[in-house]
Amino acid sequence: MAMVRLAGCCTSHRPVASVLKVGLHHYQMYCLLRHPAPIKHLRHLRRKLSESRSVGFLYLPALKMLMFLLLLSFQGASVMMAAFEKHFDRLQSAILERECDPKAGTDCACGAGQSLYRCQDCFTSTVSCQQCLLRSHTDLPLHHIQHWTGTHFERTNLGDLGLILCLGHATLRCPNAPTDSKERPTVIVHTNGIHKLDVEYCYCAYAADEPTQLASAGLFPATTEKPETAFTFAVLKEFHAHTLSSKKSAYDYYIALQKLTNNAFPDRTYVSILHA
Ligand SMILES: [Zn+2]
Ligand SMILES: [Zn+2]
Ligand SMILES: [Zn+2]
């Protein structure tokens, strides 16, 4: 998000605070644009605000006074949003158009299947078939994926589509893996949410132990014996930054990760393989 990049460039607190404030207003605007009803409500509030300015402040009945104060609190946001108001309809259309893709359900460019999947984390999220999606994500295993049901997109994940996280040989399976070896289902906690993937370890003679293999791949194991949960270094770094700057607790951060994984049913996110 541009807000974060700009904030990272600033060296003093005031520019950071103002950039974050602008970013927050833009995010609130984005939420409003996704849900048309509040926009009408906001316009109504703004109209009411301009009307209420002409009424004598001291003679207002208590109820109107409360209303006035409430509306006054919207003025800061509404002044900033005034410049955007003439763009609302087009911005709203552009945001809502992203919920659908006219190519969904058509033949994939490879000619081998239907274009039913798209990635929410890749910058260009064109729909493709399952095989093309897996091929393009061997190195991006922690991206969120959506599946076209015929009427709408639903969240799915790369692990369920067959992606295996192979350690020790880039993205390839270990050539020395026993034929009866099984990948281990593992919960992986990342900055964008909580994932479940099958992990294939390296079995070469020189291979390190499992926790070390995970650490070499940028994953910190939750246990040292047959790890089934791991945290990306990125999520540990991000939590460290959050807790130092806003005193956010690990519990609050975890709740946010749950919501990023499944905002409708956060309780259904993976906690461990036992609950997956
Ligand atoms: Zn992706
Ligand atoms: Zn394809
Ligand atoms: Zn190997």
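Two strands count as paired if DSSP finds at least two bridges between them. Strands are DSSP runs of E with at least two residues, numbered from the N terminus.

This is a predicted model, where local features need pLDDT of at least 70, side-chain atom pairs count only at pLDDT 80 or more, and totals for chains, interfaces and linings use all residues. Residues are numbered from 1 along each chain as its sequence is written, while chains are lettered from A and ligands numbered from 1 in the order in which they are written.

**View 1. Strands β2 and β3 pair in the antiparallel sense.** I145 stands opposite T156 in β3. H147 faces E154 of β3.

**View 2. A hairpin links β2 and β3.** Between the strands lie 4 residues. G150 in this hairpin takes a positive phi near 115°.

**View 3. Strand β1 pairs with β2.** β1 spans residues 117-119 and β2 spans residues 144-148. The pairing is antiparallel, over 3 bridges. C119 has I145 of β2 as its bridge partner.

**View 4. The open sheet has 3 strands.** Their order is β1-β2-β3, with antiparallel pairing. β1 and β3 each have a single partner strand, so one side of each edge strand lacks a neighbour in the sheet. From one strand to the next, the twist averages 35° (axes are lines fitted to C-alpha atoms, and angles run from 0 to 180 degrees between N-to-C directions).
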